[in-house]
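Hello,

Please find the model we discussed below. My notes on it come after.

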2 protein chains.
Amino acid sequence: MEANQFKAFGKEMIDYVAGYLENIRDRRVVPTVEPGYLRPLIPEKAPEKPDKWEDVMADIERVIMPGVTHWHSPRFHAYFPTGNSYPAIVADILSGAIACIGFTWIASPACTELEVVMLDWLGKMLGLPEEFLACSGGKGGGVIQGTASEATLVALLGAKARAIARVKKEQPEMSDADIVSKLVGYTSSQSHSSVERAGLLGGVKLRSLLPDETNRLRGETLENAIKEDLDAGLIPFYAVNTLGTTSSCTFDRLDELGPVCNEYNVWLHIDAAYAGSAFICPEYSVTINDFFQIFDEGHRTSGLLQLQPPQMVAGELRLFRHVAEGPSWLVNAFNVDPLYLKHEQQGSAPDYRHWQIPLGRRFRALKLWFVLRLFGVENLQAHIRKQIELAHYFESLVRSDDRFEITEEVIMGLVCFRLRGSNETNEAFLKRLNGRGAIHLVPSKIRDVYFLRLAVCSRMTEKSDIDISWKEVKETADELLAKNHCG
Amino acid sequence: MEANQFKAFGKEMIDYVAGYLENIRDRRVVPTVEPGYLRPLIPEKAPEKPDKWEDVMADIERVIMPGVTHWHSPRFHAYFPTGNSYPAIVADILSGAIACIGFTWIASPACTELEVVMLDWLGKMLGLPEEFLACSGGKGGGVIQGTASEATLVALLGAKARAIARVKKEQPEMSDADIVSKLVGYTSSQSHSSVERAGLLGGVKLRSLLPDETNRLRGETLENAIKEDLDAGLIPFYAVNTLGTTSSCTFDRLDELGPVCNEYNVWLHIDAAYAGSAFICPEYSVTINDFFQIFDEGHRTSGLLQLQPPQMVAGELRLFRHVAEGPSWLVNAFNVDPLYLKHEQQGSAPDYRHWQIPLGRRFRALKLWFVLRLFGVENLQAHIRKQIELAHYFESLVRSDDRFEITEEVIMGLVCFRLRGSNETNEAFLKRLNGRGAIHLVPSKIRDVYFLRLAVCSRMTEKSDIDISWKEVKETADELLAKNHCG
């Protein structure tokens, strides 16, 4: 493909995606295709000679769109929101053209340096104390991880390396394998599934603790578990505190868990992958400030804070504090340093390859730079406030109808609700609701109570969209209850 | 940012990147900036109100480009090539607009289904036997991993899970920790650094074995190590066979290692992250066919084949065979299945989240689809042949000058060479060569012999570019030797 063809093709694609996003409400949010739908629509093998780009363009509507779940439709209320914005798309064009692999500073200095400064920008937006920032001159700083799961796994592996080193120092006769077999971490039964998976991948025991009746993990529960395990000769090393759980956007009691972790020298990993974005609004940063207070008192625990960036950017950010106890555990534990990756500036700038699982990394900071500049902090705050407001609006509609109940306090952009009645009724209700195809939700279950989760996901969602979603919910209930009545 | 602004901005960026790539030869390949260069060039924090996109556009040349190492310049000969092409950039625009997270089939059916079929297309291009393909109706199929490192780690974790399960069945009294402490894997001292790192991350012993005098790992070496470890009560479980090492693009003796792994029931991981692309040319697929012959004889070992896709696509592909022994070890070992990720079609299509470390995944198959269609197999083969031909051309220039020696057989697009003389002379030579700024190479060292690696990286490299690179090499040698002579 020549440059001129690329220009024509690229510009046509720009127009196409603008049209796609601006008119996304017209599409059925979840497709009706069956598994295996796509294969018959395209050839059995790659063409020997090039196709025309115009044919590729035409195949998007024919082949791809019938099978797309439209995550950025205001009708999409499943899971949690993912990043999508015009500035981010444009930044990715540039990232794809430069296509450097930023594993070391010299491999593309701009790739590393922009990330260092962008994470400082974000840290300032979140109101983090200076020592968390690279610009403090200390060892703080952040990194963009590919996904939340990787961030969680990296934290767990860092905690594991730290625990092994500590125990070996105290009991040099113990082998690594002995130590690993005694390590135990703690998570809530409400933590994200990627925490459990990190335990499996990292080869360490994780105990799933029960939260209280409001679904928050409490300090006493953690402390009792730690004491029990210490008595049994185990080595507590890691705990996860979720701020905004996936099932119900609940906040664990950081004010209680933090001191316990300090007391027992347990690495506390804070997972705020969804709700963390909201901390850029001062009115929502209270929780995070509790965190700093805890850690200003005792520095033994390394604070790992995992936040999803402002919702319009893809990717996951982590900010490290007290690097001597944070990233250095990762950097040193998994450091391999072949000659072909060495460079003369080693040590005077971060080589991000040591801060993550992969060696390779894209020029991701461009997206953050474009998004922060082209929205501005005010608009990002306004976006978050609006999504929360829309969730509260949906909550008020649910509360206005006696057939329904709200099952969890609405704090961010997630509303958990159900029909008063059995789990079976609610399962039938969700199946019917999703089956109508106008909106899409996924369920969850806590203490055997099945409920529906409505997340405000699209950056384009307006009050009128919430009215439509509510109308769908209400009409589905009418249908179901009429049917049940007749049946 | 409104749609109209996006259209103007996006199209300007398309023009910019076309101009960047078409004129990339005019830029100094490695920047001259010092660590910390970027911070003073931009504000200390994110703007409160939006910047103009025109200002962002202007800042690319002012802020970013001075710090970019131009990986796609024909003057860039470091590391190995990474993916970059016009069709891939356009595909990423679409991927960024759809911005689905394809963790399950229902989360965006097109995202999963296109990947399944694209990996079949690629499997056919490589001439893989049918059982490797999803379309065989069996359990074969491939997946795109984010990076080569992740592919290697996933394979190691799968092998670990398989070994634990096998030993537990034979010796139910052994604990997981006991088993893990006895596991031992094998790699060559010439394997990529990500293999060693996978061992560290996976918490298992890896023995680094010495290759023969031509740098190939031999079957006898592996067998001796396995026997030794079995005698010591250890459990051999995993071996890596590199086809195209990073230091010198050497091919381990798959014809010898394969049977040994079969004999001792050791999971053989084939790392062809660089050279595997060339297997789409029939004349280079001989090696891979050896592999199939081995595994047609004994099916106990699960073949994991890690290939970098045709060089114009970013990402890593893996193809699994005998899924009962391949991905199922991953799927089952690390399966966590919360209600919010369940769906009705589970089991009738792959949920790729089980095949990888992260939960989230982009719509990456679009890039493969666009690239394969818009180049066509013929042009991709032509591209690979041309890069290898250019490497041989550079080799001939080096051989024409008695001051130099070729240190490794040139098979693919990498030429390993050095000045006849000491390591110190060659270190000074590389420093001077890179310091001139016209071309960029990285060194390596095998058995204490330091040499230079010249990889043909850019898809735009022509014979005239190689002439320029040779001229640089030659003139630098002239300078250095003249200086040494005078000094």
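Predicted model: local features only at pLDDT ≥ 70, side-chain atom pairs only at ≥ 80, totals over all residues.

Residues are numbered from 1 along each chain as written, chains are lettered from A and ligands numbered from 1 in the order written, and side-chain values use heavy atoms, without hydrogens or water.

Chain A has 14 helices and 11 strands (DSSP runs numbered from the N terminus; helices are H or I with at least four residues, strands E with at least two). Of its 487 residues, 65% are buried (under 20% relative accessible area with a 1.4 Å probe, protein chains only; exposed is over 50%, partly exposed in between).

Chain B can be laid on chain A with an RMSD of 0.0 Å by a turn of 180 degrees and a shift of 0.0 Å along the axis (least squares on C-alpha atoms of residues with pLDDT of at least 70 in both). That is the relation of a two-fold axis. The C-alpha of Lys11(B) comes closest to the rotation axis among the residues of chain B, at 2.8 Å.

Helix H13 of chain B takes in residues 423-436. Buried residues in H13(B) include Phe429(B), Leu430(B) and Leu433(B). On the other side, Glu424(B) and Lys431(B) are exposed. Just after H13(B), Gly437(B) has a positive phi of about 85 degrees.

Regards

Conventions
Expected span 1.5 Å × (residues − 1).
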